[in-house]
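User: I would like to learn how to read a few features of a protein model. Could you take me through them one at a time?

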Amino acid sequence: MGMSEFYGTADEDEAVRTIHRALALGVSFLDTADVYGPFTNERLVGRALEGRRDEVVLATKFGNVRSTEGERLGIRGDRLYVLASCDASLQRLGTDHIDLYYQHRVDPQVPIEETVGAMAELVEAGKVRYLGLSETAPETIRRAHAVHPITAIQSEYSLWTRDPEIEVLPTIRELGIGFVAYSPLGRGFLSGRFRSPEDLPEGDFRRENPRFRGENLDRNLELVERVEELAAEKDVTPGQLALAWVLAQGVLPIPGTTNVEHLEENVGALEVELTEDNLRELDSVFPLGAASGDRYSDMSSVNR
């Protein structure tokens with residue numbers, strides 16, 4: 001996502017170089033969406049994967065509707081939109097199939113059965129291999145799974161966003177569905193690189209995020225300082241410690257990055273071994289609900 005917008009100015013050549021370095025390091029799962037850019041990130045990923053498509057599991061999403069100028073036009077999950085969105089994504093990605101196709105947000109005006117039914121048609125047509133949902137409520141997951149097997153649920157999950165542990169993770173583990181954790185570094189906050197909104201680039205959407213502002217920021221910085229202390233004890237970076245915690249939960253984190261340096265740091269989290277004592281200490285610092293502030297300014301489109 002950040003390679004195309006939301007996190008300040010992006011460098012497409014560096015983005016492609018970062019994807020190629022990721023492949024060289026053994027990264028085999030790439031996640032994008034039509035809304036990123038909008039529409040430009042899929043083209044970027046397609047460019048980076050030219051001649052190398054078979055090296056990755058490729059995921060993309062539909063449902064957040066935007067104009068080519070970036071205007072937000074709502075959420076759609078109706079059958080015709082699902083089918084048309086897939087064809088458009090295939091063209092931009094330069095591939096004949098999507099490995100994992102997500103509904104990015106649930107359309108409250110369309111029954112989930114219609115949306116997943118249309119997604120199932122894409123599987124039957126060979127355009128999609130597996131289906132996923134993002135930021136979806138447990139009951140909706142059950143209804144969707146009854147129409148066609150859901151392979152993965154994607155939601156925000158990290159030390160400072162542990163909400164999925166309440167209902168979503170128990171539900172999908174019961175159903176045998178995988179979990180993909182986006183923003184496993186708390187939108188970069190858990191890396192310890194940001195101390196004030198002014199540390200963020202102009203145009204960065206995090207400047208308006210409730211957790212990065214005012215008293216919420218002060219409280220959350222206290223939590224990050226404890227992560228920094230624990231990371232220093234293990235001689236790793238705070239970001240690596242935070243990613244290692246997510247990995248220890250048995251889920252798949254998808255940390256975003258825009259450059260090779262941060263990519264290599266993220267991959268280094270695979271070498272971090274957390275003891276039971278480490279995990280208990282992190283749980284005590286970051287219990288459920290520890291972070292101050294909502295994770296979005298508008299929470300109305302999540303957990304539907």
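**A hairpin**

Analyst: Asn64 stands opposite Ile75 in strand E4. This is a predicted model, where local features need pLDDT of at least 70 and side-chain atom pairs count only at pLDDT 80 or more, while totals for chains, interfaces and linings use all residues. Residues are numbered from 1 along each chain as its sequence is written, and side-chain values use heavy atoms, without hydrogens and water.

User: How many bridges join E3 to E4?

Analyst: Strands (E, at least two residues) and helices (H or I, at least four) are DSSP runs, numbered from the N terminus. Two strands pair if DSSP finds at least two bridges between them. Here two bridges join E3 (residues 64-66) to E4 (residues 72-75), and the strands run antiparallel. They form a hairpin with five residues between them, and Gly70 in the turn has a positive phi of about 100 degrees.

User: Which residues of helix H5 are buried?

Analyst: Buried means under 20% relative accessible area, exposed over 50% and partly exposed in between, with a 1.4 Å probe and protein chains only. In H5 (residues 138-147), Pro138, Thr140, Ile141 and Ala144 are buried. Seen down the axis of H5, they fall within an arc of 155 degrees (taken from the directions from the helix axis to the C-beta atoms), so they line one face of the helix. Glu139 and Ala146 are exposed, on the face turned away from the buried side.

User: What covers the buried residues of H5?

Analyst: By contact (heavy atoms within 4.5 Å), the cover includes helix H4 (112-124), strand E6 (128-134), strand E7 (152-156) and helix H6 (168-175).
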